[in-house]
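Hi,

Here is the model I promised to pass on. Have a look at it first, and then read my notes below.

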Amino acid sequence: MLMQAFGGFMWLLFTAMLVLAVVALVLAVTFREDAYRAADKQTKNFWLIILGIVVLVNLVVPMLFLQIAGLVATIVFMVDVRPAL
């Protein structure tokens, strides 16, 4: 029973990371290219590639280490880049 609860928790955690990455990707698409340059951040294409890879990793390769690395990139975008845009 404990393992079943742990499996449910991990599924919820992976789903939350995927949803956050998809939201960040959609937000990255909606901002204009010149807003990234004006905010002195990486280019729009850079963030689209990084966040696209994060979404792909969360969907295809369910490895916790890669998902945590992607979560860090997603959090950096949401906390640092998005408010500046």
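The axes of H3 and helix H4 (residues 64–84) come within 9 Å and cross at roughly 140°. Axes here are lines fitted to C-alpha atoms, for helices over the stretch in contact, with angles running from 0 to 180 degrees between N-to-C directions. That makes H3 and H4 oblique to each other; angles under 35 degrees count as roughly parallel, over 145 as roughly antiparallel, 65 to 115 as roughly perpendicular, and the rest as oblique. The crossing of H3 and H4 is left-handed, meaning that the near helix is turned anticlockwise from the far one by less than a right angle (clockwise would be right-handed).

Who makes the contact (heavy atoms within 4.5 Å)? From H3 it is Trp47, Ile50, Leu51, Val54, Val57 and Asn58, and from H4 it is Leu66, Gln67, Gly70, Ala73, Thr74, Val76, Phe77 and Val81. By class, this contact of H3 with H4 has ten nonpolar, four polar and no charged residues. For the classes, Ala, Val, Leu, Ile, Met, Phe, Trp, Tyr, Cys and Pro count as nonpolar, Asp, Glu, Lys and Arg as charged, and the others, Gly among them, as polar.

Before I go on, a word on the source: this is a predicted model, where local features need pLDDT of at least 70, side-chain atom pairs count only at pLDDT 80 or more, and totals for chains, interfaces and linings use all residues. Residues are numbered from 1 along each chain as its sequence is written, and side-chain values use heavy atoms, with hydrogens and water left out.

Now the rings. The structure holds two aromatic pairs; rings of Phe, Tyr and Trp (its six-membered ring) pair if their centres lie within 6.5 Å, with planes under 30 degrees apart counted as stacked, over 60 as edge-to-face and the rest as tilted. Phenylalanine 46 and tryptophan 47 have ring centres 5.4 Å apart and planes at 85°, so this pair is edge-to-face. Tryptophan 47 also pairs with phenylalanine 77, and that pair is tilted, at 5.5 Å centre to centre and 55° between the planes. Because tryptophan 47 lies in helix H3 and phenylalanine 77 in helix H4, the pair ties together parts that are 30 residues apart in sequence. Phe46, Trp47 and Phe77 form one aromatic cluster.

How buried are they? Phenylalanine 77 is buried at 0% relative accessibility and tryptophan 47 is buried at 7%, while phenylalanine 46 is partly exposed at 33%. (Buried means under 20% relative accessible area, exposed over 50%, partly exposed in between, with a 1.4 Å probe and protein chains only.)

Asparagine 58, in helix H3 (residues 44–60), is buried at 11%, and beyond its neighbours within four places in sequence it is in contact with Met17, Leu18, Ala21 and Gln67. Threonine 74 lies in helix H4 and is buried at 1%. Not counting residues up to four places away in sequence, threonine 74 touches Leu20, Ala21, Ala24, Leu51 and Val54.

As for the whole chain, the secondary structure comes to four helices and zero strands (DSSP runs numbered from the N terminus, H or I of at least four residues for helices, E of at least two for strands). The C-alpha trace spans about 55 × 20 × 20 Å along its principal axes, and buried residues make up 26% of the 85 residues.

Cheers

Note on methods:
Contact = heavy atoms within 4.5 Å.
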